[in-house]
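The stops below are arranged as a series of selections.

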Amino acid sequence: MVFVIRRVLQSVIVVLVMSLVVFVGVHLVGDPVHILINDDMTKEEVERFVRKLGLDRPMHEQYLHFLANAARGDLGNSFVHNEPALKLIVERMPATLELAFAAFLLAIVVGIPLGMYAGLKPESPGSRAIMAGSILGFSLPTFWVGLMLIMVFAVMLGWLPSTGRGEFGTWDGLRHLALPALNLALFKMALVTRLARAGTREAALQDYVKFARAKGLSPSRVVLVHVLKNILVPVVTVLGLELGGLIAFSVVTETVFAWPGMGKLLIDSIQRLDRPVIVAYLVITVLMFVVINLVVDLLYAALDPRVRLREMKA
Amino acid sequence: MSARVESLPVAQQKPETPLRRLASEFFASRVAAAAFFSFCFIVFLALFAPWLAPQNPYDLASVTVMDARLAPGERGSAGFVMWLGADGAGRDMWSAILYGLRISLGVGVASGIIALAVGTAIGLAAAYRGGWIDALIMRIVDLQLSFPAILVALILVAILGRGADKVMIALILVQWAYYARTVRGSALVERRKEYIEAAQCLALPGSRIVFRHLLPNCLAPMIVVGTLQTAHAISLEATLSFLGVGLPLTEPSLGLLIANGFEYMLSGKYWISFYPGLALLATIMSINLVGDRLRDVLNPRLER
């Protein structure tokens with residue numbers, strides 16, 4: 001319990017620090033007044049405007065004001081859409097989550113079998129090809145792969161739509177999802193393949209696997225039950241931490257495939273200097289990250305008592 | 001094996017220096033050797049772009065809209081064959097790629113070197129001073145590394161704004177933490193060794209101990225991280241530029257070239273995006289392969 005409280009407290013501190021960084025960054029480096037006013041405003045109008053936004057007050061007061069508003073879910077209105085920034089982000093969140101989870105599943109379903117095969121037969125040509133492919137997966141720039149996927153599957157072959165999002169859960173929705181999900185999954189697929197390979201090579205030498213073989217269990221049972229079960233824990237832990245990375249990287253994929261998610265909104269907002277939306281996106285993403293990290297940490301501690309004990313000593 | 005070495009004439013046996021041993025082990029892998037030479041070739045292309053390119057793609061006098069979107073292999077109006085086609089403004093893609101490589105490599109390598117210097121200084125300070133300075137620095141590093149690099153870079157670009165200098169600052173701020181963590185890790189191991197103790201007993205000044213004794217012994221992991229981080233920085237810059245929040249249009253890096261070709265993709269004019277991407281891939285891949293090999297060669301645990 002002490003461990004849980006400690007971790008939750010740490011997370012709260014991280015959120016506060018990040019909010020301070022984002023706030024100071026956005027409000028000090030760029031002058032918000034300069035962006036908000038237009039040139040034909042008179043001096044009095046500008047002053048009234050500054051007072052209305054509270055920009056004439058000292059920095060720490062402004063920050064506390066921002067925190068209090070943020071706690072009530074008010075992160076300001078978008079300059080461009082003239083709607084609450086938070087609402088804009090939350091509206092687009094399901095699209096991003098759909099994409100991220102599809103990519104997550106794809107990475108596991110493809111990566112684990114490939115990695116296990118490469119781990120069980122490390123010298124075979126197939127395994128060498130898989131490992132070379134994983135280096136390629138790490139090196140390929142995501143956005144370029146996205147373009148190439150569009151070129152091959154949408155333009156040349158005409159099998160799949162290149163942009164936009166269909167209705168969730170329908171055949172059309174799946175067709176729209178296929179290319180972006182594959183694009184986003186590619187990097188994590190390479191990662192899962194490498195993790196699964198390393199785990200399999202290690203597990204294959206363990207006594208319980210040798211014992212299972214000696215018992216006369218069929219090779220498929222040894223691999224699917226004894227090896228797979230034991231590599232799942234490290235793979236899933238790492239992937240859990242990578243889920244946040246998927247959400248962050250979806251910015252790129254969403255831009256390429258015009259997928260109407262949070263990431264595309266962020267890029268549009270950066271280009272139009274729509275600061276409230278930028279801040280809202282960052283606040284939401286940081287929160288998501290901290291929660292994901294917290295959950296993975298707690299799960300990990302629940303699964304592995306050594307982690308808990310080490311933290312207690314520290 | 002040893003008998004054959006002994007039978008060689010003495011004159012042919014060059015003294016074994018660390019660098020020579022590193023090189024011979026490195027080039028034992030054919031893939032790594034190929035990657036190293038392809039990287040050298042790319043650097044050569046980037047350095048001598050103005051002399052190698054058939055056209056200065058940003059000199060308005062030598063580019064005509066007449067050549068716009070010429071397919072690869074067609075002859076442009078200036079008389080030379082555009083083997084990789086032309087983009088929407090009639091620029092020869094091969095020339096544009098050579099100039100783009102210059103910018104991409106320049107930004108990636110320069111930000112990598114500055115981040116290396118900054119990260120090393122901070123990491124060494126943390127390891128050598130210890131105490132609350134160490135704790136504070138490592139908390140910041142942990143905080144930053146718990147977020148993916150692309151997100152940190154986007155936050156920084158959103159805050160700083162657009163421009164080559166801003167992108168460089170963002171790349172440096174993204175990367176320094178990796179170097180600081182690596183250097184601190186190996187410096188903590190090294191500083192407990194006898195030679196540091198001996199240097200301290202000689203009452204050498206702290207700066208001399210850190211820079212002449214501690215730093216050279218932390219170099220191996222830094223070289224590996226530095227190589228892989230440079231590839232990462234190039235990829236990150238390309239991504240930011242592609243998203244339209246990185247380098248301005250006046251500094252057309254590979255990422256911007258790819259973004260420019262995006263609109264022509266749907267009408268089947270693939271070459272405007274395809275070839276710059278290939279150049280980017282070749283750059284990143286060769287650096288990654290060199291880095292992987294360096295890690296294997298420099299890792300003492302794998303020594304055979």
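The model on display is a predicted one.

**First stop: chain A as a whole.** Select chain A and colour the chain by secondary structure. From the N terminus on, its elements read α-α-α-α-α-α-α-α-α-α-α-α-α, which amounts to 13 helices and zero strands. Of the 314 residues in chain A, 36% are buried. Among the contacts in chain A with a separation of 6 or more, 73% join residues 24 or more positions apart.

**Second stop: a helix pair in chain A.** Two packed helices are described by the angle between their axes and the distance between the axes. Select residues 85–120 of chain A, which form helix 5, together with residues 171–203 of chain A, which form helix 8. The axes of these two helices come within 5 Å and cross at roughly 35 degrees. The crossing of helix 5 and helix 8 of chain A is right-handed. By class, their contact comprises 22 nonpolar, five polar and five charged residues.

Show both chains. Here 35 residues of chain A are in contact with 33 residues of chain B. On the chain A side, at least two residues each come from helix 1 (2–29), helix 6 (125–139), helix 7 (142–156), helix 10 (219–257), helix 11 (262–271) and helix 12 (275–303). Which helix of chain A gives the most to this side? Helix 10 of chain A does, with seven residues. By class, the side of chain A that touches chain B has 25 nonpolar and 10 polar residues, and no charged residues.

Select residues 30–47 of chain B. Now display the side chains of B:Ala32, B:Ala35, B:Phe36, B:Phe39 and B:Ala46, the buried residues of helix 3 of chain B. Viewed down the helix axis, these buried residues fall within an arc of 100 degrees and therefore line one face of the helix. They pack against helix 2 (18–26), helix 4 (49–52), helix 5 (93–129) and helix 13 (271–298) of chain B. Finally, turn to the face of helix 3 of chain B directed away from its buried side: the exposed residues there are B:Arg30, B:Ala34, B:Phe37, B:Cys40, B:Phe41 and B:Phe44.

Notes
Residues numbered from 1 in each chain as written. Chains lettered and ligands numbered in written order. Predicted model: local features only at pLDDT ≥ 70, side-chain atom pairs only at ≥ 80, totals over all residues. Contact = placed C-beta atoms within 7 Å. Helix = DSSP H or I, 4+ residues; strand = E, 2+ residues; numbered from the N terminus. Nonpolar A, V, L, I, M, F, W, Y, C, P; charged D, E, K, R; others polar. Axes fitted to C-alpha atoms, helices over the stretch in contact; angles between N-to-C directions. Left-handed = near helix turned anticlockwise from the far one by under 90°. Buried ≥ 20, exposed ≤ 12 C-beta atoms within 10 Å, placed from the backbone. Arc of directions from axis to C-beta.
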